[in-house]
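Hello,

Here is the structure I promised to pass on. Have a look at it first, and my notes on what turned up follow below.

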Amino acid sequence: MYLLPAIDILDGRAVRLERGDYSRVTVYHDDPALQAQLFEEQGAEWIHVVDLDGARSGDAANIDVVTAILRRTQLHVEVGGGIRTLDTARRILDTGADRVILGTALVRDPDFAQAAIEEFGPDAVVCGIDAKDGDVKVEGWVQGAEISALELASRMATLGYEHLVYTDIARDGMQTGIAPAAYVEMFQAFSNPVIASGGIASTRDILELARVSQAIEGVIAGRALYEGGFTVADGVAACKGTLRTDAGYLDSLEKPIEL
């Protein structure tokens, strides 16, 4: 497992939304590239970038911000939001980003989903599945897709996708904790470990995910990092199983679960 601090970009600034609601936005930094540098200095190796303007409009709007992040840091970067054409995906990957995340297009344009994996390969293209109560939401989380998250994950695995970011919208930006069972179900449907997103409030949540680490590739955290729920350094250590407290190594809350 590895930690991916989240940088959500809206109007050129680093923000977080509550449950994907564009009317409930908190601004954390006016310079996303500087925020990325701070995350790197604290020990991050990856970051998860979401173009919220692009997610809402359907056209990537913050490629220049992604470019600035990559020029300022040595971070591995995955980018999502508004990537609905091969040209947009190519432009983002040409900045030096490691991966692009496809969301709405997976549902709206299955031919594009297949063409993207064929052109860019499974290391560069990620399924982004955002769901509420198990049902997929698209267009910046404002529309239902009339398909379950598990069914969509299975379809993407059939196409050859190997990376998946699963976001529990009801928990995203709320620091309410996580539901490991939901990620296990996605792992079973997708046949590959998934990147968990939504509701991470503390290192205890990461340790809960560590109990099912066979199912988890990475952990995305946003608001909790910005508001002091835990540090990037502790989050990275929790993912690696090396988190220390004054009493010594902090073990998982319970024994690992065999899947």
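**Aromatic rings and a helix pair**

Tyr 28, Phe 39 and Tyr 226 form one aromatic cluster. Before the rest, a word on the source: this is a predicted model, where local features need pLDDT of at least 70, side-chain atom pairs count only at pLDDT 80 or more, and totals for chains, interfaces and linings use all residues. Residues are numbered from 1 along each chain as its sequence is written, and side-chain values use heavy atoms, with hydrogens and water left out.

The structure has 4 aromatic pairs (rings of Phe, Tyr and Trp, the last by its six-membered ring, pair if their centres lie within 6.5 Å; planes under 30 degrees apart are stacked, over 60 edge-to-face, the rest tilted). One of them is stacked, because the rings of Tyr 2 and Trp 46 have centres 5.7 Å apart and planes at 25°. Tyr 2 belongs to strand 1 (residues 2-10) and Trp 46 to strand 4 (residues 46-51), so this pair ties together parts 44 residues apart in sequence. (Strands are DSSP runs of E, at least two residues, and helices runs of H or I, at least four, numbered from the N terminus.) Tyr 2 is partly exposed at 22% relative accessible area, while Trp 46 is buried at 13% (buried is under 20%, exposed over 50%, partly exposed in between, with a 1.4 Å probe and protein chains only).

Tyr 166 and Tyr 183 make an edge-to-face pair, because their ring centres are 5.6 Å apart and their planes are at 75°. Tyr 166 sits in strand 10 (residues 164-168) and Tyr 183 in helix 8 (residues 180-190), so the parts they tie together are 17 residues apart in sequence. Tyr 166 is buried, with a relative accessible area of 7%, and Tyr 183 is buried too, at 2%.

Leu 86, Ala 89, Arg 90 and Leu 93 of helix 4 meet Phe 112, Ala 115, Ala 116, Glu 119 and Phe 120 of helix 6, where contact means heavy atoms within 4.5 Å.

Lastly, His 29 lies in strand 3 (residues 21-29) and is buried, at 19% relative accessible area.

Best wishes
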